[in-house]
Amino acid sequence: MQDIAEQLQAWHASGRSFAVATVVGVSGSAPRDPGAALAVDAAGEAVGSVSGGCVEGAVYELCRAAIDSGQPVLERFGYSDEDAFAVGLTCGGILDVFVQPVVPGADPALDAGITYLASGTPVALVRAIEGPAALLGATVAVTADTHHGTLSPGGPSTTGALERSAVAEARALLDAGRTGRVTLALDGRPCDPTAASTVTFFVESYVPKPRMLVFGAIDFAAAVVRIGKFLGYHVTVCDARPVFATERRFPEADAVVVDWPHRYLDSQLDALDGRTVLCVLTHDAKFDIPLLERALRLPVGFVGAMGSRRTHLERNAKLREVGLSEAEIARLRSPIGLDLGARTPEETAVAVAAEIVAGRRGGGCLPLSAGAGPIHHDLERADATSPKARQVA
């Protein structure tokens with residue numbers, strides 16, 4: 001939904017009703033991750049995507065129906081052996097889509113959530129997608145220190161405990177920057193999704209873009225910046241040499257910083273998290289060693305360094321000399337990138353990006369044609385027994 005937040009805010013500000021269809025579960029080979037969204041306004045305009053085309057038409061009609069009825073709905077779309085060309089996912093996956101109508105001013109949680117989305121404020125939207133009819137579609141917008149909305153104030157007497165637990169679970173997911181399902185008993189206790197008398201919430205965390213810090217203002221860095229932006233990172237280039245670290249040389253970077261790499265990293269500690277990527281491309285010991293001594297002790301997602309095999313061995317020896325343990329040194333991805341036979345800066349950037357994606361998603365770094373297992377490694381599995389979802393034949 002973050003991708004279409006600007007349009008949603010425009011519709012909301014104009015008082016225009018709309019419906020948002022969100023992918024809340026996938027199984028098998030599905031084209032979009034949970035959180036992907038398609039929105040349709042009362043005039044029939046559509047933005048976003050839930051499937052890249054496979055079921056877009058059917059979801060569009062569900063949105064139109066939800067606007068008319070004012071009722072949310074959970075639907076399942078999947079491949080049908082009987083008719084592979086019917087509405088469904090011909091790639092063989094299963095997609096659960098939750099459609100929710102939005103009337104500006106009618107729901108404080110949705111109003112607040114859309115405002116937070118448009119402003120870039122970290123927020124988690126908590127929506128009840130399965131459970132008692134009185135709770136279906138109930139929404140709470142959760143930030144780090146407050147929340148807006150309530151879970152069906154006219155519902156069960158345990159709603160207060162349920163709301164507190166849902167907010168606590170959502171805040172934990174928001175802190176980690178994660179999106180996913182949470183199943184709770186009506187009294188707020190965590191429980192198995194197959195248990196009776198439960199509510200399943202879909203928690204969508206919207207946080208600032210993950211950061212990519214590129215150290216070394218070289219030609220290879222320019223290509224890495226471009227592909228980092230393509231992957232959705234907020235990209236910063238840092239180099240101690242002002243003649244090289246210029247906005248003119250890196251026009252696509254979000255920031256270009258002239259500073260010693262290790263000193264700049266020290267200034268960014270509060271802005272780093274487990275999604276942060278560090279690409280050290282200077283292959284110059286006077287820059288690399290002080291930087292890596294710090295970086296390899298930080299809870300960031302990826303640290304890679306450019307250089308030859310010989311440079312790699314010499315660098316590791318120097319890191320041992322400054323006190324890093326073998327476990328800390330083992331976190332370093334060096335030489336950076338997958339073995340694609342890359343030569344040019346652009347090819348090298350593809351190799352670097354491929355290793356980052358593989359590390360983030362759990363990929364095996366082998367050609368897909370070399371295996372027979374699932375293509376996607378990190379997608380949440382849909383509950384195939386859901387009574388409120390269906391496979392479209």
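User: Why does Trp 260 count as partly exposed?

Analyst: In this predicted model, Trp 260 has a relative accessibility of 33%. Buried means under 20% and exposed means over 50%, so Trp 260, at 33%, is partly exposed.

User: What makes Phe 287 count as buried?

Analyst: The relative accessibility of Phe 287 is 7%. The cut-off for buried is under 20%, so Phe 287 counts as buried.

User: How many aromatic pairs are there?

Analyst: The count comes to two aromatic pairs. One of them joins the rings of Trp 11 and Phe 18.

User: Why is the pair of Trp 11 and Phe 18 called tilted?

Analyst: The ring centres of Trp 11 and Phe 18 are 5.6 Å apart, and the planes meet at 50°. Rings pair if their centres lie within 6.5 Å, and planes under 30 degrees apart would be stacked, over 60 edge-to-face.

User: How do you know whether Trp 11 and Phe 18 are buried or exposed?

Analyst: Trp 11 has a relative accessible area of 2%, and Phe 18 has 1%. Buried means under 20%, so Trp 11 is buried and so is Phe 18.

User: What makes Trp 260 and Phe 287 a tilted aromatic pair?

Analyst: For Trp 260 and Phe 287, the centres are 5.0 Å apart, with 50° between the planes.

User: Which parts does the pair of Trp 260 and Phe 287 tie together?

Analyst: Trp 260 lies in the loop between β13 and α6, while Phe 287 is in helix α7, so the pair ties together parts 27 residues apart in sequence.

Terms used: Residues numbered from 1 in each chain as written. Predicted model: local features only at pLDDT ≥ 70, side-chain atom pairs only at ≥ 80, totals over all residues. Heavy atoms only, no water. Phe/Tyr/Trp six-rings, centres within 6.5 Å; stacked < 30°, edge-to-face > 60°. Buried < 20%, exposed > 50% of the residue type's maximum accessible area, 1.4 Å probe, protein only. Helix = DSSP H or I, 4+ residues; strand = E, 2+ residues; numbered from the N terminus.
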